[in-house]
Amino acid sequence: MFSTPFVLLFTLLLSIPLLFLYGPHILSLKPSSDITQRDELADIKLFRRAALSSFHRSAGASTSLHLGAANPKLKIAFMFLINSDLAFAPLWEKFFETHDGLFNIYIHCDPAVEVRKPGGVFQNRFIDSKPTRRGSPTLISAARRLLATAILDDSTNFYFALLSQSCVPLHSFNYVYSTLFSSPSFFSFPFKKPMRSSYIEILSDEPTLPDRYVARGDHVMLPEVRYDQFKIGSQFFVLNRKHALSVIKDRKLWRKFKLPCLNVDSCYPEEHYFPTLLAMEDKEGCSGYTLTRVNWTASTGGHPHTYYPDEVSADLIHKLRASNFSSEYLFARKFAPESLMPLMEIVDSIILKD
C-alpha cells in the first residue's frame, strides 16, 4: 500500500506539467474582468428587445420602401463612441444643418469621464453607457449598445455610422447621404435582394494576423473561429440595418471575443470582432473597406497620426477624401481638439462644398 504522503507527492509532480500544458487555456475561459455579469445581462436584454422590435416591424410592413426621391425618410444613425469632450460639435452642427428627418444621433460616453454635453442637435442624445477601455471587449459592447439603441429608437434608421470624438466629416451631408443611398435599386422589408453594402474593412493578409489570432491562447478561438476565418479591420464602420441586426443577435462569436487576452500587445478586440463576424455572415454584402480615413504611416503608441492646427488646409481635406476604392472617404480621424478653429474657417468653402 502507498502511504498518503507518497500519493500526494506523486499527484503534485504529475499535475505540474499538466498545469503548464492546460493552464493558459483554462485561464482564458474566465469571464472578462472588464465586463461585469450585471452589464452583460443588461446588454443581452437590450439586444433581445431591439431584435424583437425589428422583427415585429418588418413582419408588419406590407409595402415596399423605395430609395431616393420617392422615399426621403430613410435615415442615417450617427453613433459617437467617446471618452472625452465632443470638441467638434460645432463642425458637426454645420454638417447636420437643414437636414432634419434624415439622421439621428446617439452618443456613448464612458461614465467614468466627465464631459461637457453639447446642446443643439446633440441635446439629450447620450445613451445609457458603460465603462470602456482601449484594447478590451468593452469597446465591442459599447458599439453593440449603440446599434441596439438606434435600432430600437427609429425603424427608419437604415445605415449606422460609428464615429469617435476625433472624427470629422470630409463632405457635406447631402454628399454623404447620396453616396450611401444613390443606387437605383430598391428593397423591401423584410430584407430582400438587392441589398446595399455595409462599409467595413475586412483584411486577411496582415502580417500581425497570426499573433492577433492567438492573443487569447493557441487554440482558444476554436472551433467557432478558424484561423482562415479570422479577420482584421478598422474599428469604425457604416453598417446597413441587416448587418446591424446580425451584430446584436450574435452570441456564438461574442463568447470567444469577450475572453481576456494573454498577449495584450496583439489584442484589439474591436478591430477583430466586427470584420470576422460579418465576413462569416455575409462577406459578399460588405465592401471590404471603410469610409473613415485614418493615417497609420506616422502612428505612435498604437495610435494613428493626429492632425494639429498647422496641418489643417484645403489641400489636406482633398487628400483625405482620395480613395483607391469606389467611394471617396466620407470621414477622417484623428484630429486634435485645437484644430477645430482652422476647420471652421474652411467648413463652408471646402468641407461642405462638393
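At what angle do helix α7 and helix α9 pack, and how far apart are their axes? Before you click, note that this is a predicted model, where local features need pLDDT of at least 70, side-chain atom pairs count only at pLDDT 80 or more, and totals for chains, interfaces and linings use all residues. Numbering starts from 1 along each chain as its sequence is written, and side-chain values use heavy atoms, with hydrogens and water left out.

Select residues 241-249 for α7 and residues 269-282 for α9: they pack at about 115°, with axes 10 Å apart. Helices here are DSSP runs (H or I, at least four residues), numbered from the N terminus. Axes are lines fitted to C-alpha atoms over the stretch in contact, and angles run from 0 to 180 degrees between N-to-C directions. That angle makes α7 roughly perpendicular to α9 (65 to 115 degrees counts as such).

Next, show the side chains where the two helices touch. From α7, pick Lys-242, His-243, Ser-246 and Val-247; in α9 they meet Tyr-273, Phe-274, Leu-277, Leu-278, Glu-281 and Asp-282. Contact means heavy atoms within 4.5 Å. Colour this set by type and you get 5 nonpolar, 2 polar and 3 charged residues (Val, Leu, Phe and Tyr are among the nonpolar, Asp, Glu and Lys among the charged).

Now go to Cys-261 and Cys-267, a disulfide with sulfur atoms 1.7 Å apart (the cut-off is within 2.5 Å). The structure holds 1 disulfide. Cys-267 is buried at 1% relative accessibility, where buried means under 20% relative accessible area with a 1.4 Å probe, protein chains only.

Last stop: select Cys-109, buried at 9%, then Cys-286, also buried at 9%.

Technical notes: Parallel < 35°, antiparallel > 145°, perpendicular 65-115°, else oblique. Buried < 20%, exposed > 50% of the residue type's maximum accessible area, 1.4 Å probe, protein only.
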